[in-house]
Amino acid sequence: MIYKYILSLSLLLSCSGLFAQKTDIKYLSGTDKDHTVSWDFYCTDGRKSGKWTQIAVPSNWEQQGFGSYNYGHDRPKHDEKGLYTHSFSLDKWKGKRVYLVFEGSMTDTKVKVNGRSAGPEHQGGFYEFSYDITDLLKQKGKNLLEVEVSKMSSNPSINDAERQSDYWVFGGIFRPVYLKIVPETHIERLAINAKADGTFAADIFLNKAKDQYELEAQVYDAKGEKLGAEFSVKVSDNQMVAQLNNSFNKPRLWSAEFPNLYFVKVSLKKGDKTIHQIEERFGFRTMEVRPHDGLYLNGKRIVLKGSNRHSFWPETGRTLSHDLHVMDAGLIKEMNMNAVRMSHYPPDKDFLHVCDSIGLYVIDELAGWQSKYDTEMARRLVKELIVRDVNHSSILFWANGNEGGWNRDVDGDYKLYDPQNRNVIHPWEYHDGINTKHYPDYNYVVRETAEGQEVFMPTEFMHGLYDGGAGASLKDFWRVMKRHPYLGGGFIWAFVDESVMRTDRDNALDSDGNHAADGILGPHREKEGSFFAIKELWSPIQIISDNSILTSDFDGKLRIANDYSFTSLSQCSLKWQLVRFPSVSDQSTKNLILAQGQPKPLELMPGEHGILDLNLPADWAASDALYLTAYDINGREIFTWSWSVKAPKAFVPASTGAASSTITVSDNEKILIVKDQGIDLQFDKSTGFLSQIEKGSKKISLSGGPSLAGVNTKLTSFKYSQENEGYTVQAEYDGDATLKVKWTFTPGQPVKMEYTYKQQGEADFMGITFDYPEDKISGMKWLGRGPYRVWKNRMQGLQFGVWEKEYNNSITGETTEYPEFKGFHAEVNWVQIQNKELPFTVYTEDEHMYFQMLQPSREQDALQSNNVEPAFPKGSFGFLQGISAIGTKFQSATVMGPEGQKYRNKDQWVSGTLWFNF
């Protein structure tokens, strides 16, 4: 749908005004990472240096096998230079002006055409620049383009601002190069200010216009229908800037929820003849920062929920494509975000077009990461940034550098080129009425909510290193932030793990240790667990219920909230399903749909709460679970909520399915063996633990438990007794805590294990564990929340159902096989341990049971504080009443809010019941 909208609009723009003198574009390079052109190339240092060969343009030369790699904190030993040459011919340009345009080149760039300088060396790696090369071109034959690109800049402030940064730094012509051919007298550019009240003003920048000329404009909607009448203005002699003004009656306004776009066609005319014509896309909207209040778009309060995005793809570095921009914008929207910050430099301009089209609020940022450009350089680059991007409706703010990289001398320069006079922010500090504090802890947010007087909008928070941050503790933060009277929103760090494919290491992915593994998604946009937590927590439709199991008194009604700014809930749609789950033995994990329906649309305006009546059938309680899916105005899934209808005990089988048999006990000095239905369960009498299970000639290497997770205890009593046709085996432990275990063996039934324990003090986790050899585990299948693992402070985003996954050893942010196999799993009712010996299943009667599958592998380059490597029980797998929380790169879980705290045991008994089916 996004593709179709962008494509149809671009076709419309290209087909309108076919007979006018339009700007002609001739690409000398390719257009993106997937469509390149080979140029001759010479690298002065590093790999493949010292010889002429060829390179794809656009590209970063490191990704083409040249030079050396540098992360931002590394200073290269040599300044690699890339020498490019390319020949081109040009027809039908006589009597016109020809501009050579570079959309981005890293970093210092010198250009010659036919042996003559095209103009001053350009400095600044993320900005579009151009040269008028008309007088350098040959009338006939080939023209020679020569470009020298220095990876490092001769301007120290550029190196500090752009290359001494927390990201990979590259070299090369990484964005397209093309010729722009226009009439001798032409329109250079537009700067539009179209407001929500329908007023339209456009500054038209001209060259060589005389007083015989006139500017005419016509506005069209996205379908090509005219909006209002044509309007015009006379141009006086040698006038360089003219203004076109008009007013329209109730145009459709632009917002992230309704990205209504128009385009204006501006013609420079002499009499009846059109000399030049250009088109520009825009939206009617008015953005306000109201001091001591909040952010307002078109008179409505908005809250930005966004991510920080770098321009990055593992194989091609900063050289991207339209398809990739569409994918990224779509993923941001899929997380129910409405905003994106262009950290820490301007993006490809095509990404901004995509944001305009699908509706994303944007912070567009001048480079400067903890160091600033010198004033002369900053003034030029601010102009280049705004001249290119000024007409994008998606841009709400300009950011003047980042984290101390603010050159305050140029704060006033932004309004020189921006008729909308957008606010300029300084990410990480109080500036111009906005607090953009980076990485506040929970207590800071509580204080800020209670006492802050500025609009609160942290432009970096919830640092997502490995599997930490991002969605972890976001529930606590967002609950408090929403109470802030002047909340402007927040931006999570960061969108993707920026692991580059190293062409010097057999194409291995490298995140430079823990520096670049900060994403909500993997480098190829693999979804990590936080992706789904954010999707639920930032859903514009909120279900206000903490119940994960529906009780018998559920009346089919849910409390619901509309968190949109412009959309009525009646414009969205909802669908419910009542389902039955497959059993352990079923081959498929697909649910059986018993009934489904759509509740009556609820007229709920933005900011309102209401009661949604699902109108469920009378026999709803006969199902296993209820699913509710919300869809937005375009039919995109917002989120699917799920509730178990039955308590876990309902899923425990009444029998094993095996023929009834006599249970016997074999007792010797060291081992107690209980024989049940052809299965021998062996207990070590010195520990009271299971030591092994045998079924005929097959073994199950289950041992070492049940042990109290993370607590030192010692066996104080072990005994067995006969009860009717069965037996019980009991063990008691004491030490740092008390544990009592009772095994019950009944003919024809699964083995029942009941346990109680009591411990004091703080704990990262609570429950019981067993040992099982990791090398024998092949997978797991379970009924519970899935398919991703959880942390104490990140439970959101998952659905209740039957899930299955094969063993993997993923390290989030380092490897990209998701969902991770190892870790904690929530609301587990039963789990089948798939293995190379004999699969077995464990059921529980207990609500809110966590299942631990092994311990995640440790990341060798994690910070010494281990904030993102929570404590795990030593057992191979466990059944837990409490699990660990995870922190962020900079902060431990304990300073990230209530859900990040350790458990505080109060000398109370905790009990649980498990059933084993071998």
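## Salt bridges

A salt bridge is counted here when a side-chain nitrogen of Lys or Arg lies within 4 Å of a carboxyl oxygen of Asp or Glu. The model is predicted, so that local features need pLDDT of at least 70 and side-chain atom pairs count only at pLDDT 80 or more, while totals for chains, interfaces and linings use all residues. Residues are numbered from 1 along each chain as its sequence is written, and side-chain values use heavy atoms, with hydrogens and water left out.

By that criterion, the whole structure holds 46 salt bridges. One of them joins the side chains of Lys646 and Asp624, at 3.0 Å from N to O. This pair links distant parts of the chain, with Lys646 in the loop between strand E42 (637-644) and strand E43 (664-667), and Asp624, 22 residues apart from it, in the loop between E40 and strand E41 (625-631); helices (H or I, at least four residues) and strands (E, at least two) are DSSP runs, numbered from the N terminus. Lys646 is partly exposed, at a relative accessible area of 26%, whereas Asp624 is buried at 4%, where buried means under 20% relative accessible area, exposed over 50%, and partly exposed in between (1.4 Å probe, protein chains only). Salt bridges that share partners also join Arg97, Asp132, Glu184 and Lys208 into one network.

## Two further charged pairs

Glu103 and Lys349 form a salt bridge of 3.4 Å, N to O, and this pair, too, links distant parts of the chain: Glu103 sits in the loop between strand E6 (96-102) and strand E7 (105-106), and Lys349 belongs to helix H4 (residues 349-358), 246 residues apart. Glu103 is buried, with 10% relative accessible area, while Lys349 is partly exposed at 23%.

The side chains of Arg388 and Asp389 meet at 2.5 Å, N to O, in another salt bridge, and both residues are buried.

## Strand pairing

Strands are taken to pair if DSSP finds at least two bridges between them. Strand E11 (residues 143-150) pairs antiparallel with strand E5 (residues 81-88) over eight bridges, in which Gly82 has Val149 as its partner. Strand E8 (residues 108-113) is also antiparallel to E11, joined to it by six bridges, and Lys112 stands opposite Glu146 there.

Three bridges join E36 to E37 (residues 557-562), and Ile543 has Ile560 of E37 as its bridge partner.
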